[in-house]
Amino acid sequence: MNLAEGVQSVSFGILGVMMIGAALGVVLFSNIVYSAFLLGGVFISMAGLYLLLNGDFVAAAQILIYVGAINVLILFAIMLVNKRQDFYPLPSAGLRKIITGVVSLGLFALLSTMVLATPWAYSSAPAPTENSIVVIGQHFFTDFLLPFELASVLLLMAMVGAIILARREYLPDEVTPSELPQTILTLPERPRELVSSGTED
């Protein structure tokens, strides 16, 4: 992106604050639904950073794949799972929080030291004029056609396998023929559900 240096600095600061705040919310919120929504905010902030680095394709893939697919899948998994029992705090929860805090602070100090000690080189090269999406598409369908098609087939097989594994069949109760009009269908992993009766024989 051909932006002024000040605009880039301000945008980078805003996106960085958004990412850090959303990441802290993911860890600190006790409500897992809020954590999943804030995880989407982290992904969107990362997409904004990719845009600042002229990675428009990576930014679009970040939003489509991580926000539009993985984060939505996490939300659906959270909302559709049957909560069997309430969660109770473990006896050693306080000690675990202390250990987690120490490890997190140590990792933060290590990464901060690495960032400050690295001699970052400032590049004043102009932004590329050619569209990266066009270049990636040309490479996909010329130089890397076979790996691209193999990856597509593998993803298709994984999707079909996931559908087969997640498919649920309605298993009717064992009833006598006289009780057939009462079509009460059950799922093995869910409570009993009443299903509207079909045509009577």
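Phe 29 is partly exposed in this predicted model, with a relative accessible area of 44%. The ring of Phe 29 belongs to one of four aromatic pairs in the structure. The chain around them has 201 residues, of which 10% are buried.

**Aromatic pairs**

- How many aromatic pairs does the structure hold? The structure holds four of them.
- The ring centres of Phe 29 and Tyr 34 lie 5.9 Å apart, and the ring planes meet at 75°, so this pair is edge-to-face. An angle over 60 degrees is what places a pair in that class.
- The rings of Phe 141 and Phe 148 also form an edge-to-face pair, because their planes stand at 65° and their centres are 5.3 Å apart.
- Phe 141 counts as exposed, because its relative accessibility is 54% and the exposed class begins over 50%.
- Phe 148, at 27% relative accessibility, counts as partly exposed.
- Phe 140, Phe 141 and Phe 148 make up one aromatic cluster.

**Nonpolar surface patch**

- Which residues make the nonpolar surface patch? The patch is made by Phe 57, Val 58, Ile 133, Phe 140, Phe 141, Phe 144 and Leu 145.
- The area of this patch is about 610 Å².
- Two helices each supply at least two residues of the patch: H3, covering residues 56–80, and H5, covering residues 132–140.
- Phe 57 is a patch residue that is found in helix H3.
- The relative accessible area of Phe 57 is 32%, so this residue is partly exposed.

- Ser 35 has its place in helix H2, which spans residues 32–52.
- Is Ser 35 buried or exposed? Ser 35 counts as buried, because its relative accessibility is 9% and the buried class lies under 20%.
- Beyond its neighbours within four places in sequence, Ser 35 is in contact with Gly 25, Val 26 and Phe 29. Phe 29 is thus a contact of Ser 35 as well as the ring partner of Tyr 34.
- Asn 54 sits in the loop between H2 and H3.
- The phi angle of Asn 54 is near 65°, which is a positive value in a residue other than glycine.
- Asn 54 counts as partly exposed, at 29% relative accessibility.

**Inside helix H3**

- Gln 62 lies in helix H3 and counts as buried at 5% relative accessibility.
- What does Gln 62 touch, not counting residues up to four places away in sequence? Gln 62 touches Phe 43, Met 46, Ala 47, Tyr 50 and Val 67.
- Gly 68 also has its place in helix H3.
- Gly 68 is partly exposed, with a relative accessible area of 44%.
- Gly 68 and Gly 40 are 28 residues apart in sequence, while their C-alpha atoms are 8.8 Å apart in space.

**The chain as a whole**

- The secondary structure of the chain comes to six helices and three strands.
- Read from the N terminus, the order of elements is α-α-α-α-α-α-β-β-β.
- Among the contacts with a separation of 6 or more, 45% join residues 24 or more positions apart.
- The accessible surface of the chain comes to about 16300 Å². Carbon and sulfur atoms account for 72% of that surface.

**Confidence in the model**

- The average pLDDT of the chain is 77, and 72% of the residues score at least 70.
- Where does pLDDT stay under 50? One such stretch is residues 182–187, and another is residues 189–201.
- For residues 182–187, the model has 21 contacts beyond four places in sequence.
- For residues 189–201, the model has 20 contacts beyond four places in sequence.
- Where pLDDT is low, the predicted coordinates should not be read in detail.

Key. Residues are numbered from 1 along each chain as its sequence is written. This is a predicted model: local features need pLDDT of at least 70, side-chain atom pairs count only at pLDDT 80 or more; totals for chains, interfaces and linings use all residues. Side-chain values use heavy atoms; hydrogens and water are left out. Patches are made of residues with over 30% relative accessible area and no salt bridge: like charges are joined within 9 Å, nonpolar side chains (Val, Leu, Ile, Met, Phe, Trp, Tyr) within 5 Å. Accessible areas come from the Shrake-Rupley method with a 1.4 Å probe; for residues, only the protein chains shown count as cover. A salt bridge is a side-chain nitrogen of Lys or Arg within 4 Å of a carboxyl oxygen of Asp or Glu. Helices (H or I, at least four residues) and strands (E, at least two) are DSSP runs, numbered from the N terminus. Buried means under 20% relative accessible area, exposed over 50%, partly exposed in between (1.4 Å probe, protein chains only). Rings of Phe, Tyr and Trp (its six-membered ring) pair if their centres lie within 6.5 Å; planes under 30 degrees apart count as stacked, over 60 as edge-to-face and the rest as tilted. Contact means heavy atoms within 4.5 Å. pLDDT is the predictor's confidence in each residue, from 0 to 100.
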